[in-house]
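My notes follow in the order I looked things up.

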Amino acid sequence: MANNYDVLFIGSGPGGYVGAIRAAQLGLKVAVVERQYMGGICPNWGCIPAKALLRSAEIFHYIEHAKDYGLVAEKAGVDIAGVVKRSRGISAQMSNGVAFLLKKNKVDVIWGQATLTAPGKVTVAAATEPAPKGALPVGEYTAKNIVIATGARPRALPGIEPDRRLIWTYFEALAPASVPKSLLIMGSGAIGVEFATFYKTMGSDVTIVELLPQILPVEDAEIAEHARKRFEKQGIKILTGAKVSKVVKGADNVTATVETTDGKVQTLTADRLISAVGVVGNIENLGLETLGVKTDRGCVVVDGLCRTNVPGVWAIGDVAGPPMLAHKAEHEGVIAAEAIAGKHAHAMDKLMIPGCTYCMPQIASVGLTEAKAKEAGFELKVGRFSFIGNGKAVALGEPDGLVKTIFDAKTGRLLGAHLVGAEVTELIQGFVLAMNLETTEEELINAVFPHPTVSETMHESVLSAYGRAIHM
Amino acid sequence: MSIEILMPALSPTMEKGNLAKWLKKEGDKVAPGDVIAEIETDKATMEVEAIDEGTLAKILVPEGTADVPVNQLIAVLATEGEDVKAVAAGGGAAPAKAEAPKEAPKEAPTAEAAPAEAPKVDAPKAEATAAPAASAPAVAPAASGERVFASPLARRLAKEKGVDLSAVKGSGPHGRVVAADVEAAPAGGAAKAAAPAAAKPAAAAAAPAAAPVSNSALLEQVKAYYEPGTYEEIPLDGMRRVIAQRMTEARQTVPTFYLTVDCDVDALLKLREELNKAAPEKDGKAAYKLSVNDFVIKAYALAFQQVPDANQVWGGDRYLKLKHSDIGVAVAIDGGKGLLTPIIRKAETKTLSAISNETRELATRARNKKLAPAEYQGGSSAISNLGMFGIKDFTAIINPPHATILAVGASEQRAVVKKGELAVATVMTVTISCDHRVMDGAMGAQLIGAFKAIIEKPMSMLV
């Protein structure tokens, strides 16, 4: 029967398409069901278009500071339509790339809305978006294994529901028709601060409202504080311990009532409001209830190998719980595919999943924060090194950055690494490898870091943890 | 589809072996039946034959590697039409790390080694030398000389905890020991539970009383007593390791008692001379040449048939009572550096000449390490004869699960008292070591008594 698969992924995002390709590599007959965006949110309305916009912002930022580099750049300006067009073009390219890879690996693409009707049975109904060429039509499909890879969507707060006009989510924020004069951003997680950086550079007057006392709540407090100072220096206004309790929409603006923990209430008016208060898993209309698949707080409950409580039903990526990151989804896609193929799949150590935020300055981290490490009872050795002591960083005109490393004083185990500064998202992988290979401070100290590079700050930070830093 | 060549199990109990030698090198064509490698187990060297046809794309375990676990990937074979380089690269990625060479492969393959039949072959040199010899010394080898793959953090934790890393089973990629493995391992030498001794039933009840000392710690301790440069360090080979382990185990766990008797062998020597003289000629040589030991084997085999309750071996919570007398004969090999005990099966049913020829043939193959495990495993008991070295009498250590071993001294003329008068007789002193768990003194005495009676009336061996 042609419509029977070894494994069927619902969702073609970073979890689904990567898992599908891995399953195909292992010789399984594989299909992916997608209803809207080939490749999912990441290449279409997430990571990739955001990075494209931020690259435009970064280059504009350098042009504006050309004088600092002894250059003359006059009449520089922003053509937001051009910026968005570039970003959308890159999205289309990446999305097509996913379609190509699936085809190359002989993975069938089924276009439509999938619902589990019985164990191993999926009904695919018509979707609103037109099917791409070569996709299989709606109908009944069967598969020995079904992997829920439906991702997540923006969380909506009651009374402040996004309306796509005045109250935006990342969808609207990624393709603005014009740059709002003023912008209110609810939430200071990765999405919130990246948009803050982009719009501030593009010329908006930006205010961030964060419920918790710290911006970038998952990051190390010291790193977050460092970033906050930089943001504020750029002119971004930040309110922490603050809650948007009410939003009144005007003709072409919104007025928000903001309550702070000290009891103060203020009203802020802005052209647009971006709701960036997190995402929730797409668990609805999948037939999970019919099969009795267990869910918890908007996510499917899975074990270390991405198995749900129902045999033959798996879940990966955002819909399978935090951290909701594309690289976590990809990794789970591979784990599920290998487990399904009967290979020895390794469960992921979530502590070693790095996080990257592309605001200005960039932030990257892996492992425990200093606070969490203390909470866990470790005796710590903490190293810090500032970019000001690094020749390459100063030459780049980026002397403002910090690398913080946290070691278990007893064993020399690297517990966490937290970086803020230029290009740190490209540096963090060094520490990720170190943690995965279980290096101690000794191997890191003995490793040769190339000069002149910003990566030397990583070495110095480790040296600093053991009182041996050279350039400070 | 490339073919994976795994470490073969040469016997049902084999867990690991040494990869003694590669007889084919990377890039060589192999046909079914070609001998591609030699595997050395504790007691034998066996040849590994190719089952499939192809080109040896990559050797993953270099020759000279000790203790390669059974079923570990040791090489990859590219089948016809396959890109040897691609196969080599694919196969090499992983397991090569599991057993990185202690030294660079002796035969570094070169482009010339690539056969003309496979034109796609690129020189596999780069891959073959991918594990640089220079990196090996960075890791301290275990006392046994094997490299233990462990993460730096695991090494540090092991040091602090006093865990011997070589005894920890690694759960990381290719058996790499990671921190969690060390954390899970009991402190100190207790982790040695993983050592092969535990698998033997005889050791089940055994718990070494001595404070456990890890191998590497012991080595350091011992070396501290000697001036550096005044000694040479000789790593144990597989056989020495097994002998050390099994004899220690036997000495520590088997409650042994010893019974000694003198046997008058004048009649035996006379009969031997007559029989040898009467040996028919075959191809210009005597068909047999009986030794005293051949009589000892036969007499010992017959004694077990007369005292069948002594023909038992120790099985932990039961005995195995054997029907036949399968007698092991200790053979010194490698100029005294090793020991093998090939077994004469059903020796009670065999003629002296058959025993004699079989013993000679087995001993020759034992010295060449060409015995199959089935030829030296099991058996009722064993004989250790040091008579040819002029040893008067001695005691031997039982080789579990045997319950006995017979130590045979030299036949020599001694002054004896016969019928109240001093006389000269040729006497051979034998001592039997008995496992008290299997038999008591009286039964041991019956067994050695039966042996003495047969040896002193040797004609009974001819019927």
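**Helix pair in chain B**

I started with helix 9 (residues 292–306) of chain B and helix 10 (residues 352–367) of chain B, which pack at an angle of about 115° with their axes 9 Å apart. For the record, axes are lines fitted to C-alpha atoms, for helices over the stretch in contact, and angles run from 0 to 180 degrees between N-to-C directions. Helices (H or I, at least four residues) and strands (E, at least two) are DSSP runs, numbered from the N terminus. This is a predicted model, where local features need pLDDT of at least 70 and side-chain atom pairs count only at pLDDT 80 or more, while totals for chains, interfaces and linings use all residues. Residues are numbered from 1 along each chain as its sequence is written, with chains lettered from A and ligands numbered from 1 in the order in which they are written.

I get a right-handed crossing for helix 9 of chain B over helix 10 of chain B (a crossing is left-handed if the near helix is turned anticlockwise from the far one by less than a right angle, right-handed if clockwise). On the helix 9 side of chain B I listed Asp294(B), Phe295(B), Ile297(B) and Lys298(B), which meet Leu352(B), Ile355(B), Ser356(B) and Thr359(B) of helix 10 of chain B. Contact here means C-beta atoms, placed from the backbone, within 7 Å. By class I count four nonpolar, two polar and two charged residues in that contact; Ala, Val, Leu, Ile, Met, Phe, Trp, Tyr, Cys and Pro are nonpolar, Asp, Glu, Lys and Arg charged, and the others, Gly among them, polar.

**Where the chains touch**

Next I checked the chain contact: eight residues of chain B touch nine residues of chain A. Helix 4 (residues 152–161) of chain B gives the largest share of the chain B side, five residues. That side splits into six nonpolar, one polar and one charged.

I found 14 helices and 24 strands in chain A. One open sheet has five strands in the order 8-15-9-10-11 (chain A), paired parallel; two strands pair if DSSP finds at least two bridges between them. Its edges are strand 8 (167–168) and strand 11 (237–239) of chain A. Strand 8 of chain A and strand 15 (residues 272–275) of chain A share two bridges, and Trp168(A) has Ile274(A) as its bridge partner.

Helix 6 (residues 190–202) of chain A lies across strand 9 (182–186), strand 10 (205–209) and strand 15 of chain A, at about 165° to strand 10 of chain A. Gly203(A) follows helix 6 of chain A, with a positive phi near 115°.

**The other sheet I looked up**

Strand 20 and strand 21 (residues 362–367) of chain A are joined by three bridges, and Cys356(A) has Ala364(A) as its bridge partner.

Note on methods. Two residues are in contact if their C-beta atoms, placed from the backbone, lie within 7 Å.
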